[in-house]
Amino acid sequence: MSLIEGALGGDAPAAPEPLAARMRPRDLSEFVGQEHLVGEGKILRQMIERDQVPSMILWGPPGVGKTTLANVVANLTKAEFVNYSAVTSGIKEIKEIMARAESGRRVGLRTVLFVDEIHRFNKAQQDAFLPFVEQGSIVLIGATTENPSFEVNSALLSRCKVFVLKGLSEADLVKLLRRALTSARGFGKLDVQASDGTLAKIAVYANGDARNALGTLETAVANAAFDAAGRPTITEDVLAQVVSRKALLYDKNGEEHYNVISALHKSMRNSDPDAAVYWLARMLEGGEDPLYIARRCVRFASEDVGLADPNALLLANAVWDACHNLGVPECGVHLTQIVVYLALAPKSNAMEEAYNRAAADAQKMMAEPVPLQIRNAPTRLMKSLDYGKGYVYAHDTDEKIARMSCLPDALAGRRYYTPAGLGREANLKARLAAVRDWREGRTNVPPFASPAYAARA
């Protein structure tokens, strides 16, 4: 008999349920994490406890409690609860469930339908839910690891409340692991010995994923050593066999995570591709989500490169797509490509600086009226109030630019965009100077006739 079978008792089946399934919380008192949603007094907790859940989308990374929350609803609700998987079912099954739900609605019965991995449904399958959600035949609970803005039909999404679940903290995972070692549903009968430091390392390795953490613990217990008292013990050597030591050196939830991404960002900003590739490798070899790195590169492409090289943003988005479609390890070379490209690109932080200056003015002067000359005037009343009066259609002018002001009067002459002058932004800087000189009357040479416009932007 194996240790795990022993933990479940002599009558345990030959293939017991995985630890993660056995330890799945049955009610909110056992639920760990997501305090922003199910903490005392929080809106989702109140909805569940009152059995008044609306149609909703639970969005978050794997192993953070999406399915568990649905099971809690199933245990508490007085409605019929239907568990449905987008992986194994098709549109025929959807229609059958919807027909039963509509029949139930007519006699006053509610149906709660949980759809796991709802992003795997195509448009036609998602559309099949829409009329039944609208008329109240079902309360839809969809779970997804993908951004619902892109993966769930907008019509269906507009009828669902989106709740964002976060990766579990190291403390949350350690709490779950300790509970699994002491609970009768876990390894409580075995008196397994594991230090807080050992459990913390498993938590770090799991990267916010409770299922991963419990799976790692289960494997560690199955391969445990025995101490002098004959108790199974998860030692450092046992843990090293179960997980990669390199992964344990990179704390993806703690300070080191932010230190390393900072090192990558600042190496690229300092045009040091060798250092940038090293920090990239540190993150990937430590198990970092490649999409997280790709998102940071997309941000860098505008924050630190901007119009000095507009192609940087295009390439960064292409690499994000490649990471999304390929995953690890294949996407490592794509990330290397964008990291090197960004490191060697001409730099400009003019986009970030422009927005920050404009945002500061907008926050202080939120009520400044839109100048009359650029207001929309679709009705006779608006025109009688001088909406649009004085507007000059730039295309009708010889210069293709009008001298009218488009800023509120209180902000006239304010400058937000200041090109850095490197790469293609050097040409944009010259063009902008030509436009401003003409608009402010310092020259009568039309901007498009100036040498600045002959250069490629």
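## Basis of the description

Helices and strands are here DSSP runs numbered from the N terminus, a helix (H or I) having at least four residues and a strand (E) at least two. The model described is predicted.

## The loop between helices 21 and 22

Y391 belongs to the loop that connects helix 21 (380-384) with helix 22 (425-439). The residue is partly exposed, with 46% relative accessible area. Together with V370, I374 and Y393, Y391 makes up a nonpolar surface patch whose accessible area totals about 370 Å².

R414 is partly exposed at 35% relative accessibility, whereas D361 is buried at 8%.

Five strands form an open sheet in the order 2-3-4-1-5, with parallel pairing. Its edges are strand 2 (80-85) and strand 5 (161-164), each of which pairs on one side only. On average, neighbouring strands are turned by 15° against each other, direction ignored. Helix 5 (residues 66-76) packs on this sheet and touches strand 1 (56-59), strand 2, strand 3 and strand 4. The direction of helix 5 makes about 165° with that of strand 3.

Strand 3 (residues 111-116) and strand 4 (residues 139-144) run parallel and are joined by 4 bridges. V112 has V139 in strand 4 as its bridge partner. Within helix 5 lies N71, which is buried because its relative accessibility of 19% is under 20%. Beyond residues up to four places away in sequence, N71 touches R24 and N83.

## Further salt bridges

The structure holds 21 salt bridges. One of them joins the side chains of E102 and R105 at 2.7 Å, N to O; both residues lie in helix 6 (residues 91-106), 3 residues apart, or about one turn of the helix. E102 is buried at 10% relative accessible area, while R105 is partly exposed at 35%.

In the salt bridge between R442 and E440, the closest N and O atoms are 2.5 Å apart. R442 is exposed at 52% relative accessible area, and E440 is partly exposed at 39%. A network of salt bridges links R269, R299, E303, D304 and E352.

S267 is located in helix 15 (residues 255-269) and is buried, with 10% relative accessible area. Neighbours within four places in sequence aside, S267 contacts D272, A275, A276 and W279.

Methods: Residues numbered from 1 in each chain as written. Predicted model: local features only at pLDDT ≥ 70, side-chain atom pairs only at ≥ 80, totals over all residues. Heavy atoms only, no water. Pairing = 2+ DSSP bridges. Axes fitted to C-alpha atoms, helices over the stretch in contact; angles between N-to-C directions. Contact = heavy atoms within 4.5 Å. Buried < 20%, exposed > 50% of the residue type's maximum accessible area, 1.4 Å probe, protein only. Patch = residues over 30% accessible without salt bridge, like charges linked within 9 Å, V, L, I, M, F, W, Y side chains within 5 Å. Areas by Shrake-Rupley, 256 points an atom, 1.4 Å probe, with all protein chains shown as cover. Salt bridge = Lys/Arg side-chain N within 4 Å of Asp/Glu carboxyl O.
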